[in-house]
Amino acid sequence: MNDSVTVSTVLQVIEFLGTFAFAISGIRHAAAKHFDWFGGYVCGIAVAIGGGTIRDVMLGTVPFWMTNPIYIICTALALCMVIVFSKHMERLQNAWFVFDTLGLALFTIAGIQKSLDFGQPFWVAIIMGCVTGAAGGVIRDILLNNEPVILRKEIYALASVAGGVVYWGLAEAGVAIHFTVLASFVVTCFIRFLAVRFHVSLPLLNGDSVSQEDEES
């Protein structure tokens, strides 16, 4: 009983922190595109709840934000924070990238744990963790008319998968939930930060032959 209460509490805290981090990321992106306050809120809420909504629909349950208004309020608080501290946040280089990475790691963990709570096997949970962490960013980029970051060569979704694998390994070893969550969070963030810092990326697909065929036709 105590274990289930602990897991539920940890999950709620993670989803709240992930919502806040992703909301700030989305609002910062909207600010760079010179959206108004409402547009910034829409972008923030889309990235904050998008991945979790897709996950919950696939799991056959009510989307998490429809059971508690705290996530809508959390996004509003993120908007107020960006508005009030906009000048200070401008001094932080790549602040949006930091919040986006934190949101990715936090929602990856939330997606994995919720999937496990619904009795899904771990390989499904890892996929759901990736969906929870990355899908919101795809929705944000579509709204902003940007190329989705998940489709670029930089490491993004793979960082989420790596964090999920670490979660699985530690959980299988019977490690305490708190340490498992922390380790998964650190690994996801570390891989993402490291990949961007040292320009580590996946090989690109070679589309030259397709381009030549299109030109010939």
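User: Is Leu 17 buried, partly exposed or exposed?
Analyst: In this predicted model, Leu 17 has its place in helix α1, which covers residues 2-32. A residue counts as buried under 20% relative accessible area and as exposed over 50%. Because the relative accessibility of Leu 17 is 43%, Leu 17 counts as partly exposed.

User: How far apart in space are Leu 17 and Cys 74, C-alpha to C-alpha?
Analyst: Leu 17 lies in helix α1, and 57 residues separate Leu 17 from Cys 74 in sequence. In space, going from C-alpha to C-alpha, the distance between Leu 17 and Cys 74 is 9.0 Å.

User: What span should helix α2 have at 1.5 Å a residue, and how far apart are its end C-alpha atoms?
Analyst: Helix α2 runs over residues 37-59 and so holds 23 residues. The expected span is 1.5 Å times one less than the number of residues, which for α2 gives 33 Å. The end C-alpha atoms of α2 agree with this expectation, for their distance is 33 Å.

User: On which residue is the kink in α2 centred?
Analyst: Helix α2 is mostly covered, with 17 of its 23 residues buried. There is also a kink in α2 of about 40 degrees, and the residue on which this kink is centred is Ile 49.

User: What kind of aromatic pair do Phe 97 and Phe 193 form?
Analyst: The count of aromatic pairs comes to five. In the pair of Phe 97 and Phe 193, the ring centres are 5.5 Å apart and the planes stand at 70 degrees. Planes over 60 degrees apart count as edge-to-face, so the pair of Phe 97 and Phe 193 is edge-to-face.

User: How many residues apart in sequence are the parts that Phe 97 and Phe 193 tie together?
Analyst: Phe 97 is buried, with a relative accessible area of 10%, while Phe 193 is partly exposed at 32%. Phe 97 belongs to helix α5 (residues 95-117) and Phe 193 to helix α8 (residues 177-197), so the parts tied together by this pair are apart in sequence by 96 residues.

User: Which helices hold Phe 122 and Tyr 167?
Analyst: The ring centres of Phe 122 and Tyr 167 are 6.3 Å apart with the planes at 50 degrees, so this pair is tilted. Phe 122 is buried at 15% relative accessibility, and Tyr 167 is buried with a relative accessible area of 2%. The pair ties together parts that are 45 residues apart in sequence, because Phe 122 and Tyr 167 lie in helices α6 and α7.

User: What is the relative accessible area of Ser 115?
Analyst: Ser 115 has its place in helix α5. Leaving aside residues up to four places away in sequence, Ser 115 touches Leu 59, Gln 120, Ala 125 and Met 128. Ser 115 is buried, and its relative accessible area is 0%.

User: What is the phi of His 34 near?
Analyst: Most residues other than glycine have a negative phi. His 34, in the loop between α1 and α2, has a positive value instead. His 34 is exposed at 71% relative accessibility, and its phi is near 65 degrees.

Conventions:
Residues are numbered from 1 along each chain as its sequence is written. This is a predicted model: local features need pLDDT of at least 70, side-chain atom pairs count only at pLDDT 80 or more; totals for chains, interfaces and linings use all residues. Side-chain values use heavy atoms; hydrogens and water are left out. Helices (H or I, at least four residues) and strands (E, at least two) are DSSP runs, numbered from the N terminus. The bend at a residue is the angle between axes fitted to the seven residues ending there and the seven starting there. Buried means under 20% relative accessible area, exposed over 50%, partly exposed in between (1.4 Å probe, protein chains only). Rings of Phe, Tyr and Trp (its six-membered ring) pair if their centres lie within 6.5 Å; planes under 30 degrees apart count as stacked, over 60 as edge-to-face and the rest as tilted. Contact means heavy atoms within 4.5 Å.
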